Amino acid sequence: MKYRPSRRTRRFGIGAAAITVLAGMNGPALYRFSSDKYHAYKINQPEYKAENGHWDVVDVPQQYRISTIHAALLHTGKVLLVAGSGNNAKNFAAKSFRSVLWDPEKNTFTNIPTPKDLFCSGHSQLPDGKLLVAGGTQRYEKLKGDVEKAGGLMFVHNEDPDKPKTLPAGTRFTGKESGKTFVSKDPLLVPRATKKTNPKTKKVTVSASTARVYVEALRKGRKYQTGTEDNYRIAGLKGKDRQNFYGIAQKLSFDKKDFQGIKMAYEFDPVAERYIPVDPMNEARWYPTLTGLQDGKVLAVSGLDEIGQVVPGKNEIYDPKTKKWKYLPKKRFFPTYPALFLTGKGRIFYTGSNAGYGPDDKGRTPGIWDLKSNRFDVVPGISDPDALETSMSVLLPPAQDQRYMVLGGGGVGEDATSTAKTRIADLRADKPRFRNGPELYAKARYPSSVILPDDTVLTTNGSGDYRGRGDTNVLKAELYTPKTNTARPVADPLVGRNYHSGALLLPDGRVMTFGSDSLFGDKANTKPGEFQQQIDLYTPPYLFRDSRPKLTDTAPRTVKPGRKSTYRTAHPSAITRMRLIRPGSFTHVTNVEQRSIALDFTRTKDGVTVTLPKDASLVPPGWYMLNAVDDQGTPSKAVWVKVPAPAPPKK
């Protein structure tokens, strides 16, 4: 019997032969052209797609193209894309702030009025399906050579224990020694002074309160800077206020001015499709992390404050019932955008991943944080500990296993260091510690990882150097299987993605990728980079199979923790797994929302009955995507399930 090549072999063989002939006739240029054509031919073959998946470009009309910095999947199936000013100082000056709502199923877009510059905010899913968005940009950074007016931090004191005072933006402060005048850039509330009475002596002691505000000189020029500490009179005050309120500032100079954050917070309503203001945070935050907790409240951590300094460990909790914020009683410092995951017993696991700002020797050690006691237990063993900035962290599926992976990363700031290490910590172990997983496809900062319903993790892109410097974007992707601790390459992404990029799982099982903000546009680092506004869709291999399970009861429903719910499907005997997946909310290599929970289930005559876990720290309240997965590993389209907050314990 003669050997007969398979259809796949014959296709690939014919293409390769054609390239060989063309190369011999027309030289290297035609060879490259033919090679590109062959590559395009190969990646569109059914066999290739079934093994590696496929990438497509989303058709976005020009009027809806924005520099997407943040993206969150909503329970309506739509994706909120947020640029704010889009890392563009001209947009910021013009107060041009953008958000776009995208419907992936219909590929339709809606411009959303955006009230403030939500560029570099934090966001988290709320129990009722709204998206909490907090923080953003008050001022863009200015490098030392670009600063035109002397400025800096003014401490404003109040010695009156009977009343606070709000000083409007534009308040003038004049130095008693220098005679130089500076103007506040923002309104400032100065609290009342504190008054204590000694119960024995009845003596009353008053301690002045302090508030901070950024000030700038009235005019441009070096002669308006100061070099020493000075006391400042506040213009416009009368009577006793002139003695009770005063300013103190150190050097007010032309040093580099960092980004500044805002206190404002909003809930985005997916049904009304608009931002709704809520009470502002106690701290201004730029680059904060927001983490949903088991009771439906949200933890806000880190960020740059209203004067451009990392918030010094003052963390706070948002209550969606009261729409108010409350400080945690004790401080704990983290660098900006720390990867903080809700874990067992309501504690927080800090993987060490972070992005952007903070000293290189403080707050960078991974560990488990108990919010009630403020205890922090270090989780040792992480490899390349000096390359955790701009790394990606993910709670591996299923979430019950409590295994966390840290992928790639680089040195602090603009350091050229990067790593291909992946590190895994099992929090169920008696003494949790990190151990290395398989190497990533390349040394990469800014990789994006997405949990898929078949219990694999898709990781894409990144760059070998800071913000793709030196043309180091990585055009690779891989699928990691936690069960076997192995990874394999899949179809290469279409464009490079580094800083300000991300990825989300969609309800139909595809993955969207967005953004990228390269510092330069060439290998020599001579041309400025352009923001990558293209949105791509990755269709995983599991969607190129002959059949797919279907859950026919698609109406959203509410299922309480520990309760059961039944869904119809045509072939229940083929269902091997049921997964409950929390919709992602991604920015700056940070997506602490996404998690996939394995559900206990039984097959019925015409469907499946699932049981939700009781542990709210495993399944925090909110909306989830429910997927049925068959014996071939093919997931159904998701149906939406709302998990309400657990009832408060009886007193």
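Q: In this predicted model, in which sense do strands E3 and E4 pair?
A: In the predicted model, strand E3 covers residues 79-84, and strand E4 covers residues 98-103. Five bridges link E3 with E4, and within this pairing Val82 stands opposite Ser99 of E4. The sense in which E3 and E4 pair is antiparallel.

Q: Which residue of E5 is the bridge partner of Asp103?
A: Strand E4 is also joined to strand E5, residues 108-113, and these two strands run antiparallel. Six bridges join E4 to E5. Among the paired residues, Asp103 has as its bridge partner in E5 the residue Thr108.

Q: Which residue takes a positive phi in the hairpin of E4 and E5?
A: The hairpin of E4 and E5 has four residues between the strands. One of the residues of this hairpin has a positive phi near 50°. That residue is Asn107.

Q: Is strand E4 largely enclosed by the rest of the structure or largely open?
A: A residue is buried when its relative accessible area is under 20%. Strand E4 has six residues, and five of the six are buried. Strand E4 is therefore largely enclosed by the rest of the structure.

Q: Why is strand E36 described as largely enclosed?
A: Strand E36 spans residues 477-481. The strand is largely enclosed by the rest of the structure because, of its five residues, the number buried is four.

Q: Which turn residue in the hairpin of E36 and E37 has a positive phi?
A: E36 and E37 form a hairpin with four residues between them. In the turn, a positive phi of about 55° belongs to Asn485.

Q: Which residues touch the most other members of the largest nonpolar core?
A: The largest nonpolar core holds 71 residues. Val79 touches, among others beyond four places away in sequence, Val100, Leu101, Trp102, Leu504, Leu506 and Met512. A second, separate core has 34 residues, including Ile368, Ile597, Val610 and Leu612. In the largest core, the residues that touch the most other members are Val79, Trp102 and Met512.

Q: Which strand gives the largest share of the lining of the second largest pocket?
A: The second largest pocket has a volume of about 670 Å³. Of its 21 lining residues, Pro187, Leu188, Arg212, Lys263 and Glu306 are the closest to its centre. Strands E13 (188-190) and E16 (209-217) are the elements that give two or more residues to the lining. The largest share, four residues, comes from E16.

Q: Is Lys220 buried or exposed?
A: Lys220 lies in the loop between E16 and strand E17 (230-234). Apart from residues up to four places away in sequence, Lys220 touches Glu148 and Lys149. Its relative accessible area is 54%, and a residue counts as exposed over 50%. Lys220 is therefore exposed.

Q: What distance separates the C-alpha atoms of Lys220 and Thr513?
A: Along the chain, Lys220 and Thr513 are 293 residues apart. In the model, their C-alpha atoms are separated by 44 Å.

Definitions and conventions:
Residues are numbered from 1 along each chain as its sequence is written. This is a predicted model: local features need pLDDT of at least 70, side-chain atom pairs count only at pLDDT 80 or more; totals for chains, interfaces and linings use all residues. Side-chain values use heavy atoms; hydrogens and water are left out. Buried means under 20% relative accessible area, exposed over 50%, partly exposed in between (1.4 Å probe, protein chains only). Two strands pair if DSSP finds at least two bridges between them. A nonpolar core is a set of buried Ala, Val, Leu, Ile, Met, Phe, Trp, Tyr and Cys residues joined through side-chain atoms within 4.5 Å. Contact means heavy atoms within 4.5 Å. On a 1 Å grid over the protein atoms alone, a cavity is a set of points where a 1.4 Å probe fits but cannot get out, and a pocket is an open set with protein on both sides within 12 Å along at least five of seven lines; lining residues have an atom within 4 Å of a point. Grid points are joined across faces, edges and corners, and a volume is the space filled by probe spheres set on the points.
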